[in-house]
Structure formats: structure tokens, C-alpha cells
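This briefing covers selected features of one protein model, grouped by topic. Please read it alongside the sequence and coordinates.

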Amino acid sequence: MKKGKQMKGIDLLSEEVVLLIVDLIAENPWDLKSFSLTCKWFYQVEAKHRRTLKPLRAEYLPRILSRYRNTSDLDLTLCPRVTDYALSVVGCLSGPTLRSVDLSRSGSFTAAGLLRLAVKCVSLVEIDLSNATEMRDGAAAVVAEARSLERLKLGRCKKLTDMGIGCIAVGCRKLKRVSLKWCVGVGDLGVGLLAVKCNHIRTLDLSYLPITGKCLHDVLKLQHLEELLLQGCFGVDDDTLKSLTHSSTSLKKLDASSCQNLTQRGLTSLLSGARCLERLDLSHSSSVISLDFASSLNKVSALQSIRLDGCSVTCDGLKAIGTLCISLREVSLSKCVSVTDEGLSSLVMKLKHLRKLDITCCRKLSGVSITQVANSCPLLVSLKMESCSLVSREAFWLIGHKCRLLQELDFTDNEIDDEGLKSISSCVSLSSLKLGICLNITDRGLSYVGMGCSNLRELDLYRSVGITDIGISSIAQGCCHLETINISYCKDITDKSLVSLSKCSLLQTFESRGCPHITCQGLAAIAVRCKRLTKLDLKKCPYINDSGLLTLAHFSQSLKQISVSETGVTDVGLVSLANIGCLQNIAAVNTRGLSPSGVSAALVGCGGLRKVKLHASLRSLLPPTLINHMEARGCAFLWKDNNNNTLQAELDPKYWKLQLEEDNLVP
């Protein structure tokens, strides 16, 4: 096909220039689609150039792969049902070029399908089979046929045993990264075989395996091992590590979190030869992080990150860590309830290069230690201090004044006020700001943020009831790159805020749960102008009805997750959502306008659903064959009962705090 036969002037563009354009717009699938439909030549060039695919339906694979013959990375996580035939199609059409395939959220395939994939795709270096809970040793033996495999994930393959892992160890000698997390049938024998046969391994995840310290003798002999994850390995204890001697100079990261039987003695054995260790996670350890415990870190002076979440920490322990590990860049003490001002101050005093600090729910801290943090750590880029309610308002002002490089701030459930936000607005690189349940902030404070933080991507105002349309307008005007905003239970918000936010064309997540004044008019503004919208929470917005959903169905083709619980939506609105091809999650509890027939029609029409949340009363009214069909297609149902105490409970501020982590759209 001659370029001169395309549209006028197209012959002035070389293919190299067109490919540069494709690279620039590749992040937005709708832009890419519009580009490819411009002319036949663009259509061919885009198909020839694309390497990564994430199809919505497995049944589309023959047509998609026939067009995109150079596919190297295939992500099937949106396809809950991938049959052996589908894997056979992948092998036949993409065999020579395919290097990576993700089946971590897919089911319905067997060892026969995996065999076709392994044999046909000779260049395959990565496969993710996580959550294949029915996968057995026979299928693992088939995976071993992929001789070039370098990265393998088998998380939650609970029926695999040492025999299956042994087959993989023998067949896949080039493995570099392996995850066996929650493979509870695999023990010391299987891990030992993997360590002996696959000596190129760099990352090994053994979290929640019933192993002991015995297999670690072989694991720590791996010359290229950089990351070792032992989270929740209760069998790894002091006794099985007492004879451990190693010199693992390549080990950079060790995760021994939730290893309840590991104390200072065992940890000393683990760390004895890891002189180049940079990242250490000891979260939820049963041992007290005292002076004696911290002394085991004296051989890892290059340590850059330490996580002690949920641990019992003493002042002397924190002081020793600060003295022994002056290279620390990241410290996490989330939910360490024993941390005091004295302990935190003594820790940060010597950490001049600290970049990230997490002190979430350290409720004993006051402005004294936060002042020390601000004065000692001017290079901070991330500070998380949710529920540190004793910290004075003045301390927040100091943070903004001293730590100008901050990119991430979590002040949820704190006493920060407008003056604090004025100071924070000087952090021009700030991209994430969480101000949930901050009852002292008003529109004036948000106006400072809007004027100073033009790079803001995420803003959380959950239950910050002092905010109105004026504050949201300031944010929308100054933060045009905003991608996520949560205004749930900000009771004074109206459609004016939604119209303002519609100017943020990059908006992807919009949560307005419990905003009683929002109507379909405001929702329409968001739908029409925010083409990248993927997550929408409209629960308890009583004026949202079918009109709003019809608008969404027409304009919001990127929407993946929506909650319309306790709204005015009826069957008509719910069925219209079938027009959104990539919709995965729907929550529609206590929506009185819905009937069993309407819900059934919506479920049938939305072919890509992965999760559905409905009222329990509908369970007996929907056809059992429909429920079985949806579950076979990979959809999970969550049936919700009425709770008569919910309304009263939500009036209690303590309830708000408990719900912060549970208030997701679909659990």
C-alpha cells in the first residue's frame, strides 16, 4: 500500500515518526484506538508496533492475536475464564514472539492448555499462575517444559507439593525470580531442590510456606540472591537457624515479617553474612525491639530501609537503630503503639538522609517529636502519620516550612488546620495528600493547596465536613493533573463541585459516597469530560438515578468499578451499564428500584463482571442457573444483609475510623 494513496500530506511522515506518535499516546487506549482508525496505514502501523495486550474477553483472542502478530506481553487478568482452547490459540498465533503471560486472575484451563502454551511459546520467559488453586503437580511438570522461563509466580497454588516444584527446578534452570507464596503444600524438600538446581535465582518468595530454617542453608548459598521473602514462615525459628553460617554478599532485601518464632538469636544468624543488606522487614515480630535486639543490626551498616510495623519498640531500641544504621532512607513504625516522643526523636536525630517515614497510629506522639522530624529530616518525600491526634497544629506548619521536598502526606484523623495547609502548599512536588476526618480544615486551606500544589494527583477529604464547593473549585482550578479524589460524606458538596472537577480530564477515581446533594446533572459533567474514569462510588447519593447511569453508559467506556447502593437507580439504569465493555465490579445493595428480572438482565449483559455485591434477599429470587453461570464465568457474589445498627453507628466518629480501611467500593 502506497503512502501517497492515504490522506493528503501523509507521505511526508516516515514510519519512524508515526511510531514516535504511537509511543506518546500509548498510555491512553482510547487515543490509540482513535489514532489507528485515522487511516489504513496508521491502522497497520499501530498493529505492527504494539507489543502489549490486555484483552477484555478470552473469546476475542483469535481475532485480536491475528491482528497483533508481534505481541510479546499478554495480560489476561481481565479474562476470568481462559480455556485450554484459548491457550492453544495463544500458542499458535503468538508462539514465536510471546515472552510474558499473566493468568493470575484466570481459571478454567488445565495442564493440557499449559502444555500447548509451554511447547509453542519457545521464547516465554515469564508466566504468572498465581491463584490457580486447583493446579497440581501434573500441571507443574508441564510448566517445566518452558525451558527459557526466568520469572514464575505460583502464589496460592495450594495443591502443589514438593514433587511439582522439583519438576520445575529440574526443567527451568534459568529461573531468576520465583514466588511460592501460600503454596502450603511445599516444604523444605521442594525449596531445597529449587535452590540447588536453579542457581541463577535473584528473588525468592517463600511467604507462608511450612518450611523451617533447614532449607535456608541451601537458599543462602545462591550466589545471585538479592531478595528473600519469609513472611509468615512460622517454622523458621531460632533452633533451626542456630547452625546457619553463610556469606550472602548479594542479598539486598530480607522480609522476615510475622515470623512469630524468630527472636534476636535467630535474626542474628540470618543477618550474620548479609553485609550488603539494604532492606529489612521485621513487621509484627513477637520480639521486643530493644537495645539487645537492635545490636543484631551492627553488621548491616549499609541498611537503607527498615519496617517494624506492629512491633513493640523501646526508646533504647530506636536510639540504637539510629546510631547503627545512619544510612537509613526509609523507616516504618506503623501501629507501633509503644513509640514515644523520646524514642522517635532519638531515632531521627541522626538520620539526616531519611526520605520516608511512616508513624501511622503511633498515638503517643506529640508535636515534640514531629518538630524533631521536621528539623532533622529536610529530605523527606513521604510522611504518613494517620491518627497521631496529639500532634499540635503548630507542628504541621513546621513540616511544610522545613520539608519542602514532600511528595506524599497522610494526615488522616489529625488536628491540622488551614494554617497548616498553607504551609504544606509550599511543597510544590506534592502528589498525594490525605486529609480524611480532618475537622479543622476549611475551603480557605484547600485554596492554598490549589494555588501551590499543581502536581497533586491524589486528594482524600473523607468526612472532612468543613469543605464545600468553594474548596473543591480551588482544587480543580489549580490541580489539573488530579487523578483520584475522595469527597465521601462531605455533606455540603453539590453539583457545582462535580462541574468544577470535570475540568480534571485525567480523573480516574471519584468517590462521593454519602453526598446527599449530588444529582445526575453533576454526574453527567464528570462522565462527559473525564474519559479515563475507572472507579466511581455513588453510594448513598439519593438523587442519582437512571438518567445518570445512562450518561455513564454512553460516555464512561473506561469504567471498571461502580457502586450505586442506596440510590434511585432502577432496572433501566442498571441494565444500561452492559454498554460498558470493561466493567468488572458492581455494588447495588438496598437499591429499591431494582427487580430480580432487571438484575438478571444486567448480570447477563455485563459479560466481564468479576465481583457483584447485592442484597441477600435477591439470592433466592435470582435463577440458580444464572448464579452458577456467572460463577463459572469467574464472577464472585457478595450477599449483604441489612444492619439496623449501621445508621446509628455511622454517627459515631469512632465508627468512621474503623471503617476507613473497610470502606472500599466492593470488598
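Predicted model: local features only at pLDDT ≥ 70, side-chain atom pairs only at ≥ 80, totals over all residues.

## Helix α19

The buried residues of α19 are D443, G445, L446, S447, Y448, V449, G450 and G452.

- Helix α19 spans residues 443-452 and is mostly covered, with eight of its 10 residues buried.

**Annotated span**
- An unreviewed UniProt entry lists residues 325-475 as "domain: F-box/LRR-repeat protein 15-like leucin rich repeat".

**Cysteines**
- There are zero disulfides in the structure.
- C325 takes part in no disulfide, and the nearest cysteine sulfur, belonging to C276, is 14 Å away.
- With a relative accessible area of 0%, C325 is buried.
- C480 has its closest cysteine sulfur in C504, at 7.3 Å, which is too far for a bond because a disulfide requires the two sulfur atoms to be within 2.5 Å.
- C480 is partly exposed, its relative accessible area being 40%.

**V612 in strand β25**
- V612 belongs to strand β25, which covers residues 611-615.
- The relative accessible area of V612 is 2%, so this residue counts as buried, the cut-off being under 20%.
- Leaving aside residues up to four places away in sequence, V612 touches I586, L603, C635, A636, F637 and L638.
- V589 is 23 residues from V612 in sequence, and their C-alpha atoms are 9.8 Å apart.

**Largest pocket**
- The largest pocket holds about 1500 Å³ of space.
- Its lining consists of 42 residues, and P29, W30, R50, K54 and L56 are those nearest the centre of the pocket.
- Elements that each supply at least two lining residues are the helices α1 (15-25), α2 (29-36), α3 (40-49) and α4 (61-67), together with the strands β1 (52-53), β2 (73-75) and β3 (100-102).
- Helix α2 gives the largest share of the lining, five residues.
- By residue class, the lining of the largest pocket comprises 17 nonpolar, 10 polar and 15 charged residues.

Key:
Residues numbered from 1 in each chain as written. Heavy atoms only, no water. Helix = DSSP H or I, 4+ residues; strand = E, 2+ residues; numbered from the N terminus. Buried < 20%, exposed > 50% of the residue type's maximum accessible area, 1.4 Å probe, protein only. Contact = heavy atoms within 4.5 Å. UniProt positions renumbered as here; feature names shortened; annotations may be inferred. 1 Å grid on protein atoms, 1.4 Å probe; cavity = no way out; pocket = protein on both sides within 12 Å on 5 of 7 lines; lining within 4 Å. Points joined across faces, edges and corners; volume = space filled by probe spheres on them. Nonpolar A, V, L, I, M, F, W, Y, C, P; charged D, E, K, R; others polar.
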